[in-house]
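Visitor: Could you walk me through this one? I'd like to go a piece at a time.

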Amino acid sequence: MNRTTLSLIAGTAALAAVTAFAAFDGPSAAGASAPKAAADLPVQRTSLLCPAPSISDIADTSYTSFTPVTQGAASSGKAQLQAASEQSADGTANSQTGGSQTGGSQTGKGAKGAKGSKGTKDSKGGQKASGTSGTSGQPVLTPKAPGTPATGDSSGADAPALIGTADGQFAPGWTVQETTEVAAGTGRGLQGVTCGPADTEFWFPGAGTAASRTDYVHLTNPDDSAAVVDIELYGKDGAIKSPLGENLTVPPHASKPILLSTLTDTQQPDLTVHVSVRSGRVGAAVQALDDKTGGDWLAAAADPAPSLVLPGIPKDATDVRLIAFTPGGDDADLKVRLASPDGLITPAGNETLHVKSGMTTAVDLGAVTRGEAGSLVLTPTDRSVPVVAALQVVRGKGDKQETAFIPATAPVGTRATVAYNSATGTTLALTAPTATATVKVTASAGSDGGTAATKTYTIKSGTTQNVDAPVPSGLQGAYALTVETTSGGPVYASRTLAATEAGVPGFTIQTLANDRGMVAVPETTEDLAVLQK
């Protein structure tokens with residue numbers, strides 16, 4: 001997807017960059033010295049959008065908010081997660097107002113729970129939040145100081161989408177995750193999604209409209225004006241014409257789920273969904289649910305590129321399916337390789353993949369990892385043609401299967417974080433497909449107690465390692481994992497969270513991309529403000 005533009009304004013001159021906004025009053029006197037070399041500064045404001053977590057009345061959702069400690073960050077600030085208005089597929093709005101969190105304080109009215117709802121009992125017999133609030137109008141969570149995660153809960157199908165903003169000390173690298181358990185029914189199992197920024201274009205290879213699938217595109221508008229969005233579908237034979245996907249309006253501060261099967265009568269197991277915004281901006285994610293094999297969130301794939309990395313295929317995966325699409329006018333021919341613990345290997349029978357222009361191509365790779373850590377690496381065989389891609393991963397057999405997705409992702413870069421991890425069931429996969437890298441991994445303090453821990457790893461070129469990630473000593477509650485590239489690379493990463501229930505191997509996979517916590521700006525002696533939208 002397209003990244004938010006970074007612009008630097010000095011007097012009346014503008015300098016383009018990426019991911020943040022910096023403004024200052026530059027020297028105006030004649031003969032003033034030229035700007036010094038750029039310096040990396042912490043962003044001072046950031047925003048995230050979280051989709052409504054589930055359509056199931058028996059869903060239990062955990063939210064985790066975390067900001068890593070950042071040198072040079074402000075000493076104060078605030079963060080808030082506010083409920084978006086829910087917009088049904090027929091355009092009917094269900095307005096909700098969420099609470100906000102300001103450091104250790106909290107203000108604002110709660111959502112449905114604040115209007116007399118008694119909520120539901122959690123596993124310990126206490127009251128669990130309904131939507132973003134419980135009986136006392138409490139917000140879903142109150143962020144803690146950088147370095148410590150904060151958690152909250154909600155239950156059922158009424159939990160709303162959330163619009164989050166953070167500034168000051170909370171902004172650099174702020175990460176929020178939803179993790180949902182559904183005990184039975186369509187999409188049963190474990191589902192997870194990292195809340196993301198608003199943007200104007202998204203690609204989702206791996207969606208579907210097969211009879212067993214119930215896939216939604218969730219669109220969330222954080223702004224004060226309506227957004228106008230187009231949803232395009234591409235199947236094995238090319239574009240699927242659907243006027244119902246054009247000129248979709250997402251009202252201000254609202255979230256709108258679009259059921260893909262309402263846009264077309266065509267039933268296909270492998271689709272590429274293209275979300276493009278005509279005006280405004282939105283957050284977007286696909287919830288891909290199956291009657292038989294569970295489901296998970298399908299996050300947006302990395303922007304179209306000739307070479308892609310899809311990190312962290314579980315070593316016990318029973319079936320892996322690659323879905324690829326090229327949006328340009330040329331076909332793409334890709335070399336398919338697996339970065340294993342011992343180096344790059346070519347899967348037998350799947351050495352290359354031909355992707356026809358404008359058509360979704362899918363290939364079954366089977367149990368490609370064969371009991372070892374692995375990441376898929378796609379590179380052009382000849383001409384460089386941009387593509388998007390994702391993996392649909394299945395664990396288990398028969399009626400005990402569960403599904404998750406791994407979209408192609410950007411590298412970790414300087415730093416990336418996954419906010420929610422547990423003492424058991426967490427697997428961190430690191431891959432360095434082109435050059436050896438040194439990586440530092442920090443486990444934060446626990447949300448309810450514990451001391452942070454750090455380990456350093458060397459990932460050899462062309463390999464994937466499921467590292468023995470650190471765990472906080474004396475851990476209580478959930479913890480965050482922060483990955484930093486200290487030399488070499490690039491490094492790509494994902495975290496698998498697994499929890500088996502009733503014999504079903506529930507799991508969810510989140511990739512880790514750069515957290516955009518720092519921005520390069522020219523040094524100046526004048527006042528400087530950095531704003532990340």
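**Around phenylalanine 202**

Guide: Phenylalanine 202 is found in strand S18, residues 201–207, where strands (E, at least two residues) are DSSP runs numbered from the N terminus. This is a predicted model, in which local features need pLDDT of at least 70, side-chain atom pairs count only at pLDDT 80 or more, and totals for chains, interfaces and linings use all residues. Residues are numbered from 1 along each chain as its sequence is written, and side-chain values use heavy atoms, with hydrogens and water left out.

Visitor: Is phenylalanine 202 buried or exposed?

Guide: Phenylalanine 202 is buried, with a relative accessible area of 1%; buried means under 20% relative accessible area, with a 1.4 Å probe and protein chains only. Phenylalanine 204 is buried as well.

Visitor: How many aromatic pairs are there in the whole structure?

Guide: A search of the whole structure finds 3 aromatic pairs, a pair being rings of Phe, Tyr or Trp (its six-membered ring) with centres within 6.5 Å, stacked if the planes are under 30 degrees apart, edge-to-face if over 60 and tilted otherwise. The rings of phenylalanine 202 and phenylalanine 204 have centres 6.3 Å apart and planes at 15 degrees, so this pair is stacked.

Visitor: Which residues do ring pairs link into a cluster?

Guide: Trp203, Tyr234 and Phe325 are linked into a cluster by ring pairs.

Definitions and conventions. Helices (H or I, at least four residues) and strands (E, at least two) are DSSP runs, numbered from the N terminus. Buried means under 20% relative accessible area, exposed over 50%, partly exposed in between (1.4 Å probe, protein chains only).
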